[in-house]
Amino acid sequence: MSHRSRSSVAAKRRRHAFVFAALGDATRLSLVAKLCRGQPRSISQLTQGSKLTRQAITKHLRVLESVGIVHSVRKGRESRFEFDPEPIGGIKEYADFVSEQWDQALSRLKSFVED
Amino acid sequence: MNSVIEKRIELKAPVSRVWRALTDYREFGEWFRVKLDGPFAPGQVSRGRITYPGYEHVKWEAVVQKMEHERLFSFTWPHPKSLDKVDTALDYSGEPSTLVEFRLEKTAGGTLLVLTESGFDKLPGDRRLEAFRRNDGGWTEQMKNVENYLANYVSENHVAQKP
């Protein structure tokens, strides 16, 4: 492995460490659970059914926002929060994973048709 | 942003042979490692089960797009949410998919096969979490814990919610 890719791996790990630190809290994990499959939600929607106050929920959302796993989007007078998987599993990482699977499948195809 | 996978591979076999390996569902299943229920047909859903050791519980589902004789074979497929769980209840219809295209070209030595897969930007976040988990060994366990937690949380929360 080259020095360059090693340091980019290290940088990625560091970034992941921050993301996991942000996720290392039951309230924040439950907020991610609410956001990770579905529509952007407002603070009021996220506060519903929780014992926590609006202010406390907002604080937790800001922590998630600071590591990029949650983004706020303005809709009218209201902010809505949405999940962004990019910091942990970006499109490129996913494509790389699938690409590796294709390499294996195509080499099986090669032996299949050349035999 | 739209990441596209492109692979070019030279095969020492005639175009007709490669075409058959791609489009005959039994032959496709041999090298791809999937047991398909029936033949491919444009516009039709193709279903089956992965035969790759350790992944036999994973469903395979695709919609065949084009079959242009000995030139182009393409299908769209949604990516499974998780390769660890038995997901029999999963209904793939209406799920965002990627497009897989196999293009064949005759060469002096046989066949040039160009494979592309595009549309990754449309896939939902949970598909990508799965890949992340698989790619980055160091975080595998931790990511699994997060996933389990989310799955339990969602199901508990669902039960707990009263109208």
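**Figure 1. Chain B in the predicted model runs β-α-α-β-β-β-β-β-β-α-α along its sequence.** The model is predicted. Chain B holds four helices and seven strands. Of its 163 residues, 23% count as buried. Take the contacts in chain B between residues at least 6 apart in sequence: 43% of them join residues at least 24 apart.

**Figure 2. Chain A follows the order α-α-β-α-α-β-β-α.** Five helices and three strands make up this pattern. The chain has 115 residues, of which 23% count as buried. Among contacts between residues at least 6 apart in sequence, 51% link residues at least 24 apart in chain A.

Figure 3. The mean pLDDT of chain A is 81. A score of at least 70 is reached by 79% of its residues.

**Figure 4. The largest nonpolar core has 20 residues.** Six residues touch the most other members: Val113(A), Val18(B), Ala21(B), Leu22(B), Phe102(B) and Leu113(B). Chain A contributes through α5 (91-114), which supplies at least two residues of this core. In chain B, helices α1 (15-23) and α2 (25-32) each supply at least two residues as well. So do the strands β4 (59-68), β5 (72-77), β6 (98-107) and β7 (110-118) of chain B. Which element gives the largest share of this core? That is α1(B), with four residues.

**Figure 5. Leu113(B) is seen with its contacts.** Neighbours within four places in sequence are left aside here. Leu113(B) is then in contact with Ile9(B), Leu11(B), Val18(B), Phe102(B) and Leu104(B). Two of these partners, Val18(B) and Phe102(B), are also listed with Leu113(B) among the residues that touch the most other members of the largest core.

**Figure 6. A second core is separate and has 13 residues.** Its members include Ala22(A), Val32(A), Leu46(A) and Val70(A).

**Figure 7. Helices α2(A) and α4(A) cross at roughly 75°.** Helix α2(A) covers residues 26-35, and α4(A) covers residues 54-66. Their axes come within 10 Å. Are the two helices roughly parallel or roughly perpendicular to each other? Angles of 65 to 115 degrees count as roughly perpendicular, so α2(A) and α4(A) are roughly perpendicular to each other. From α2(A), the contact draws on Thr27(A), Arg28(A), Leu31(A) and Val32(A). From α4(A) come His60(A), Leu61(A), Val63(A) and Leu64(A). By type, the residues of this contact are five nonpolar, two polar and one charged.

**Figure 8. Arg33(B) has a positive phi of about 70°.** Arg33(B) is not a glycine. The residue sits in the loop between α2 and β2 (34-36) of chain B. Is Arg33(B) buried or partly exposed? A residue is buried if 20 or more other C-beta atoms lie within 10 Å of its own. Arg33(B) has 17 C-beta neighbours inside 10 Å, so it counts as partly exposed.

**Figure 9. Glu70(B) has a positive phi of about 60°.** This residue, too, is not a glycine. Glu70(B) lies in the loop between β4 and β5 of chain B. With 18 other C-beta atoms within 10 Å, Glu70(B) is partly exposed.

Conventions:
Residues numbered from 1 in each chain as written. Chains lettered and ligands numbered in written order. Predicted model: local features only at pLDDT ≥ 70, side-chain atom pairs only at ≥ 80, totals over all residues. Buried ≥ 20, exposed ≤ 12 C-beta atoms within 10 Å, placed from the backbone. Contact = placed C-beta atoms within 7 Å. Core = buried A, V, L, I, M, F, W, Y, C linked by C-beta atoms within 7 Å. Axes fitted to C-alpha atoms, helices over the stretch in contact; angles between N-to-C directions. Parallel < 35°, antiparallel > 145°, perpendicular 65-115°, else oblique. Nonpolar A, V, L, I, M, F, W, Y, C, P; charged D, E, K, R; others polar. pLDDT = per-residue confidence, 0-100.
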